[in-house]
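Here is a short walk through one protein model, starting with a charged pair and ending with an annotated site. Keep the structure open while you read.

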Amino acid sequence: MLKPNGVGLGRIIRAAKCSMQGFAASWKFESAFRQETILAVISIPLAAWLATSVSQFALLVSVWCLVLLVELLNSAIESLTDRVSLERHELSGRAKDMGSAAVFVSLVIVALVWGAALYERFV
């Protein structure tokens, strides 16, 4: 049976293209994604300076990747919800609020990890 996205290397290439389109759409239409991406990029050299080990550097960078991951999923939920209907509905609002809460939790994780690294470095 033929798969619509192909198999093997061709499928991987098409999947990568879809991923790049997702990044581009998020950058173009989601200001929160742009802001968090800029913060993540700025954080990489700061993490290199702050980290006391390679694993701590990886953790400091990874938590920002987590934020971007959750923001992408939140944006997908919001886009799909708006695609279904722009009409105000309790369930649509709940879905969007839950996505926003997930982003908030990921930012709390960033604050905890970076706070711990700062504490270890300076206290």
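**Salt bridges and an annotated residue**

Lys 96 counts as partly exposed, because its relative accessibility is 26%; the class covers values between buried (under 20% relative accessible area) and exposed (over 50%), using a 1.4 Å probe and protein chains only. This is a predicted model, in which local features need pLDDT of at least 70 and side-chain atom pairs count only at pLDDT 80 or more, while totals for chains, interfaces and linings use all residues. Residues are numbered from 1 along each chain as its sequence is written, and side-chain values use heavy atoms, with hydrogens and water left out.

A salt bridge here is a side-chain nitrogen of Lys or Arg within 4 Å of a carboxyl oxygen of Asp or Glu. By this rule there are 2 salt bridges. In one of them Lys 96 pairs with Asp 82, with the closest N and O atoms 2.5 Å apart. Lys 96 lies in helix α4 (residues 90-122) and Asp 82 in helix α3, so the pair ties together parts 14 residues apart in sequence. Helices are DSSP runs (H or I, at least four residues), numbered from the N terminus. Asp 82 is partly exposed, at 34%.

Glu 90 and Arg 94 also form a salt bridge, at 2.6 Å from N to O. Both lie in helix α4, 4 residues apart, about one turn of the helix. Glu 90 is exposed at 60%, whereas Arg 94 is partly exposed at 37%.

Which residue does UniProt list for "active site"? The unreviewed entry lists Glu 71; such annotations may be inferred rather than shown by experiment. Glu 71 sits in helix α3 (residues 54-84) and is buried, at 4% relative accessibility.

Definitions and conventions. Helices (H or I, at least four residues) and strands (E, at least two) are DSSP runs, numbered from the N terminus.
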